[in-house]
Amino acid sequence: VDHTECMFLNTLTPKFYVALTGTSSLISGLILIFEWWYFRKYGTSFIEQVSVSHLRPLLGGVESSSTTGLFSSVNGDAEPRPSVSECKVWRNPLNLFRGAEYNRYTWVTGKEPLTYYDMNLSAQDHQTFFTGDTQQLRPEDAVMQKAWRERNPQARIRAAYQAIEINHQCAAAYVLLAEEEATTITEAERLFKKALSIGKDGFYSTKKAHEIFSLCNTAGKDINLLVYIKRRLAMCARKLGRIKEAVKMMRDLMKEFPLLGMLNIHENLLEALLELQAYADVQAVLAKYDDISLPKSATICYTSALLKARAVSDKFSPEAASRRGLSTAEMNAVEAIHRAVEFNPHVPKYLLEMKSLILPPEHILKRGDSEAVAYAFFHLQHWKRAEGALNLLHCTWEGTFRIIPYPLEKGHLFYPYPGCTETADRELLPSFHEVSVYPKKELPFFILFTAGLCSFTAMLAMLTHQFPELMGVFAKAFFSTLFAPLGFFADKMESFMPSSFWHQLTRI
């Protein structure tokens, strides 16, 4: 055996070693590129996924389907992770107007700010809000139901005009035109006012308001349409600078339809009050909606933090605070910032302008990057207006992560941070935006392994190309060392086995 190995190694030329190392370097490089692309696209290693999904079952490995004990509530009680509810998307309360704002962005940059997934969710919302029971559709409603589903904007606009031809009193058609055909907020407001006059006539023509409220199931479509139009008119007033008028419209809307709190109109109200710098009114709204029994949002948590930070930020100094310690008011502000950052850790980088903003999507995922974009887009100016607030945020926000256990099996003030947000945010946010991920994923082992292998083989290929004779000597020494145990094992086997057996085996 040793003689055969020596003959084989001696016949190998330096060109063979150059070709061998070059080929292995190329193959490992291709594997690395593919692994990296797959990780960037899907967030996991391809080799790891294949081994877990296909090889482990073949080898008899069983993956536990239960998550009980891995995730705990705030009180420490073990419970299964409620991934379905955590990854539910919500309508963005401050979503922009397609014709007057989103389309303008496309005209200027050539980029699409909305994904098809996001627009499809909006189409489903509009069908649910405005068309009601499909068994009782009027002809114009049937046209509008089809209009919301059209992917092409021009097809939606044509369908809206078709519905108006069928019935001049089709409020939903004017809503679509205001959203998508109007190229200015002023024009959108005019169309919404026309839709409001039609909607009011349909809403109050047959019954008094209190009678309709008692029959919400039958008049739900008209109520939804009316609330939607009034809300968008208030948003038009806010965008056109008539902020006090917008605040009054929002307050009236919340008073008239108190059961529609899930529409989060209070978030529109908070933003408008902050623009007015009516901080006492902001605090009054927060006192009602920042309740332990009500769902939280980035707007609620960060507005609460802003108010507390504003009270101390103008005189805050990190050096002075480190010398004398934090006062009670400063401690309250820091705790409020930690609470907000735990709820949504993506927001600070946008507020501190460490990451570029984009137009907010029409739907958001609470605690996700989409919610952070939507919040910061409208509230960055309010943080800038409060002197020193961004400085206090900059000095304290990262301290949140020392409080939260890692891995995220428990939360501090909220439930553990959901792991499904990245996937949903990639569907909601445009492809040109780099989605913020928390906690930051470390590179999988196989990417690091293939990167090391590629670097090592590339170095070998380069050295072999530069010094073929010397590397040939090293290669022969390496292979000789590698085959030495095999030769030793073969000698031992030969001493135990009869020579006739080895003779027959070699003939085979």
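Good morning. The model shown above is a predicted one.

The protein contains 26 helices and two strands. Of its 508 residues, 44% are buried. Its accessible surface amounts to about 28,100 Å², and carbon and sulfur atoms account for 60% of that area. As for contacts between residues at least 6 apart in sequence, 69% join residues at least 24 apart.

Let us now consider helix H14, which spans residues 265–276. How does H14 lie against helix H15? The two pack at an angle of about 160°, and their axes are 8 Å apart. An angle over 145 degrees counts as roughly antiparallel, and H14 and H15 are therefore roughly antiparallel to each other. On the H14 side, the contact is made by His-266, Leu-269, Leu-270, Leu-273 and Leu-274. On the H15 side, the residues are Tyr-279, Asp-281, Val-282, Val-285, Leu-286 and Tyr-289. By class, nine of these residues are nonpolar, one is polar and one is charged. The crossing of H14 past H15 is left-handed.

H14 also packs against helix H16, residues 298–310, at an angle of about 25° and with the axes 11 Å apart. Here the cut-off for roughly parallel is an angle under 35 degrees, so H14 and H16 are roughly parallel to each other. This crossing, too, is left-handed. Which residues of H14 meet H16? They are His-266, Glu-267, Leu-270 and Leu-274, and their partners in H16 are Thr-299, Ile-300, Thr-303 and Leu-306.

An α-helix has 3.6 residues a turn, so residues three or four places apart point the same way.

I turn next to a single side chain. Glu-140 belongs to helix H7, which covers residues 139–149. Is Glu-140 buried or exposed? The limit for buried is under 20% relative accessible area; Glu-140 has a value of 6% and is therefore buried. Leaving aside residues up to four places away in sequence, Glu-140 touches Ala-163, Ile-166, Asn-167 and Cys-170.

Finally, let us look at helix H5, residues 98–109. Its buried residues include Arg-98, Gly-99, Ala-100, Tyr-102 and Thr-106. After H5 comes Gly-110, which has a positive phi, near 80°.

Thank you for your attention.

How values were computed: Residues numbered from 1 in each chain as written. Predicted model: local features only at pLDDT ≥ 70, side-chain atom pairs only at ≥ 80, totals over all residues. Heavy atoms only, no water. Helix = DSSP H or I, 4+ residues; strand = E, 2+ residues; numbered from the N terminus. Buried < 20%, exposed > 50% of the residue type's maximum accessible area, 1.4 Å probe, protein only. Contact = heavy atoms within 4.5 Å. Areas by Shrake-Rupley, 256 points an atom, 1.4 Å probe, with all protein chains shown as cover. Axes fitted to C-alpha atoms, helices over the stretch in contact; angles between N-to-C directions. Parallel < 35°, antiparallel > 145°, perpendicular 65-115°, else oblique. Left-handed = near helix turned anticlockwise from the far one by under 90°. Nonpolar A, V, L, I, M, F, W, Y, C, P; charged D, E, K, R; others polar.
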